[in-house]
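Thanks for coming. I will show one model today and go through a few of its computed features.

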Amino acid sequence: MKKLLSLMLFTSCAFANDPPSERQEVLRNLLKHDCGACHGLTLKGGLGPALLPENLQGKPDDFLVTTILEGRKGTAMPPWRQFINADEALWLIGVLRKPK
Amino acid sequence: MTKLLPILGLLISFNALAELRATGDLGVVIEREQGNALIFNTSQHKQLAKIEQLGDLSHASVVFSRDQRYAYVFGRDGGLSKIDMLQDKLVKRIVQAGNSIGGAISQDGKLIAVSNYTPGGVKVFSSETLELVADIPADAGDGKLSKVIGLVDIPGQRFAFSLFDADQIWILDLKNSKKPDITKFKDIGKQPYDALISSDGRYYIAGLFGDSGLAMLDLWHPELGIKRILPDYVKDDEKLPVYKMPHLEGWADTGDYLLAPAIGKHEVLVIDKRNWQLVKAIPVAGQPVFVMGRPDGRQAWVNFAFPDNNQLQIIDIKDLTLQKTLTPGKAVLHMEFAPRGEEVWVAVRDDNQVVVYDTDTLQEIARLPAQTPNGIFFSSRAHKIGF
C-alpha cells in the first residue's frame, strides 16, 4: 500500500510538474552527455553505476532525487542542485525507469 | 592488341600510383553517438573515410601501430576495433569485455592492452590478430575485481595501470608474454582516477580522487615505492564538485615543469619535476579536464568540465600566466596538436564540429564537420611513449 501510494504520488507529480518540452530536451542532453560521462551514454555504467530500469528497481524516488541533487559523499557523484530542481530530477528518474 | 597491352599495363600502374597514401599525417576523429571513426588527412584538413558501426564510443581512445597503418579503437562497450587506414576498412572487431575505459600499445608494437571496468582488469591481445595473449583480472586480494584506469605502455615491454577501487598501481611485464609478471604497489592513495607517464617513460603518476595530491612511481627506482606528491593540496572537505573526471593523458611535460589539472579546484598545477614541489597553481575558468602541452612546450591548452565546457584557455609557459580564453563552441571535449604544434584540432561535441586553430596567432583556421566528436587522435602518436 505504501508503495502504491508513493507510486500514485509520483505519477501525479510527474504529470503535474513535467518540465516544458524545451527544457526536457536540455535535460535529455544533460542525461546523455553529462550523466553519461560517468554512467555511460547507454547508461550501462562506467566509473559510476549502471542506471538501467533494473538497476533502479527497489530504489525509492526520494532517495534518487536526493542523490541527484545532493550527490553522494565519498563517491564521484557530485551534487546537481545548481543546475536542476527536484521536479526535474524526478522527471529524469521517470525517464530512467521507463524500459527503453 | 600486342601494342595495346603495354599501354593498358601503364594505365593500371598509373591508377595504383594515384591511390597511394602515406599514413604519417592521418588523424582519427571519433563520432561519439554514431559510433564512427572518421579518417582525416590532417595536412589537407580533408576527410578521407568514415568507418561505421564501431559500437558505443561514448568514451573512446585510439592507439596506432608503429608503421602507422592501423588504428586500434577502444570503445566503452568493451569493443576493440582494428582499422586499416590505407584501405579505409575495418579489419577486425572484437568485444572483449562489458565495459572498458582505454588501452595502450606495447613498446614493440606487438601487443594491445585494454583496461576494463567490467570485469575489472586488463586483457592483452596480439596487435596482428587480436587474439588473447594474457588476461589479468584486477583482483586486489578480496575476490572483488577493481575497475582499472590509467593504463599506459612503459619501457621494457611493460604496462602500468591503477586500480580505482583497490588503491593500487600494478606493473605488468610481458617480455615473456606466456608468463606475465606483475609487481604490485599497495595503498597508493584513495581512488586513483587516471594516470600519466612522463614523455621519457620514467615517471608514472596517478591522480587521486579520494585523497589529496598525486601518487608517483619513479620507474628508475621502483624499490623506493610510491611517493605522494603535493600531499597537502586540496583537502577533501574543500573540494568543489567535479562534473567530469580530469584526464591526465596528454599532460603538459615542458622542460622542468609538469602541468596537470587539479581535481576539485579550478586550477592548473605547475609541478617542478626536480623536487616535486608546487611551483604555482594557475586559476582557470573551471574544473580542468585536459591540460595539453604544445609539442614545443611553450603553451598549454586547457579545456573544462561541465558547465564551463564552452571554453578553452591557453597558458603561456614562459611566465606561467593565462594568455587567452577562446570560446570554440558548446561542449569542448578534446584537443590534438599537429606533430610539431603549429595547429591544434578541437572537438566541439554539441556544435558537431572540429575547430582548427593556429597556435601562434590563436586564430581559427577551419571548421570541419563531424557528428558529436569526442576524441581526436593523430597517427604521430604511434611513436610516442604513453600514447
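I will start with the conventions, then a strand in chain B, then chain A.

This is a predicted model, in which local features need pLDDT of at least 70, side-chain atom pairs count only at pLDDT 80 or more, and totals for chains, interfaces and linings use all residues. Residues are numbered from 1 along each chain as its sequence is written, chains are lettered from A and ligands numbered from 1 in the order in which they are written, and side-chain values use heavy atoms, without hydrogens and water.

Now the strand. Helices (H or I, at least four residues) and strands (E, at least two) are DSSP runs, numbered from the N terminus. Buried means under 20% relative accessible area with a 1.4 Å probe, protein chains only. In chain B, 6 of the 6 residues of strand S17, residues 203-208, are buried, so S17(B) is largely enclosed by the rest of the structure. B:Tyr203, B:Ile205 and B:Gly207 point one way, and B:Tyr204, B:Ala206 and B:Leu208 the other way.

What pairs with S17(B) over 5 bridges in the antiparallel sense? Strand S18 of chain B, residues 214-218, does; pairing requires at least two DSSP bridges between two strands. There, B:Tyr204 stands opposite B:Leu217. Strand S16 of chain B, residues 192-197, also runs antiparallel to S17(B), joined by 5 bridges, and B:Pro192 has B:Leu208 as its bridge partner.

Chain A has 5 helices and 0 strands. Of its 100 residues, 41% count as buried.

Key: Buried < 20%, exposed > 50% of the residue type's maximum accessible area, 1.4 Å probe, protein only.
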